[in-house]
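Work through the exercises below with the sequence and the 3D view open. Try each task before reading its solution.

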Amino acid sequence: MGGNGHGHGHGVPYTVPSPDIYKVEDVPELQKVKEKLAAKGLKDPWLRNEVWRYSAAPGTPLSRTYARFFRGAIVGISAFLITISVEQALGISYEPEHNDHH
């Protein structure tokens, strides 16, 4: 069973990037947050941990917003259409029953 301690002899399946590659100054949105906090005499030591969210996501802010908003829409719309088709095929109706007791 692979004697290198990494399981199955394949080595480490990932590389951890150096934290030094993430800089708040590289992200205008976070730089504004940093400046607003500094104006109030505050500092967020964890702000650098949010840089990856802005640098790792491809595309423009608009395209990322569009992707987040419509994530899962294809699956959801497909499930909706399948449900409607099955209900139609089985004759399931949600119409109130009309009887002579008004």
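Rings of Phe, Tyr and Trp (its six-membered ring) form a pair if their centres lie within 6.5 Å; planes under 30 degrees apart count as stacked, over 60 as edge-to-face and the rest as tilted. The model is predicted, so local features need pLDDT of at least 70 and side-chain atom pairs count only at pLDDT 80 or more, while totals for chains, interfaces and linings use all residues. Residues are numbered from 1 along each chain as its sequence is written, and side-chain values use heavy atoms, with hydrogens and water left out.

**Exercise 1. Find the aromatic pairs and classify them.**

Step 1. The structure holds two aromatic pairs. In one of them, the ring centres of Y66 and F70 are 4.6 Å apart and the planes stand at 55°, so this pair is tilted.

Step 2. Y66 and F70 are four residues apart in helix α3 (residues 61-70), which means that about one helical turn separates them. Helices (H or I, at least four residues) and strands (E, at least two) are DSSP runs, numbered from the N terminus.

Step 3. F69 and F70 also pair, edge-to-face, with 4.8 Å from centre to centre and 90° between the planes.

Step 4. Ring pairs therefore join Y66, F69 and F70 into a cluster.

**Exercise 2. Which residues form the salt bridges?**

Step 1. A salt bridge is a side-chain nitrogen of Lys or Arg within 4 Å of a carboxyl oxygen of Asp or Glu. This rule gives two salt bridges.

Step 2. E25 bridges to K34, with the closest N and O atoms 2.8 Å apart. K34 has 36% relative accessibility, so K34 is partly exposed.

Step 3. E50 bridges to R53, and here the closest N and O atoms are 2.5 Å apart. E50, at 29%, is partly exposed, and R53, at 45%, is partly exposed.

**Exercise 3. What does the side chain of S78 reach?**

Step 1. S78 lies in helix α4 (residues 73-90). With a relative accessible area of 34%, S78 is partly exposed.

Step 2. A polar contact is a pair of N or O atoms within 3.5 Å; within protein, one must be able to donate a hydrogen and the other to accept it, and residues adjacent in sequence count only if both atoms are side-chain atoms.

Step 3. The S78 side chain reaches the backbone oxygen of I74 at 2.7 Å.

Conventions. Buried means under 20% relative accessible area, exposed over 50%, partly exposed in between (1.4 Å probe, protein chains only).
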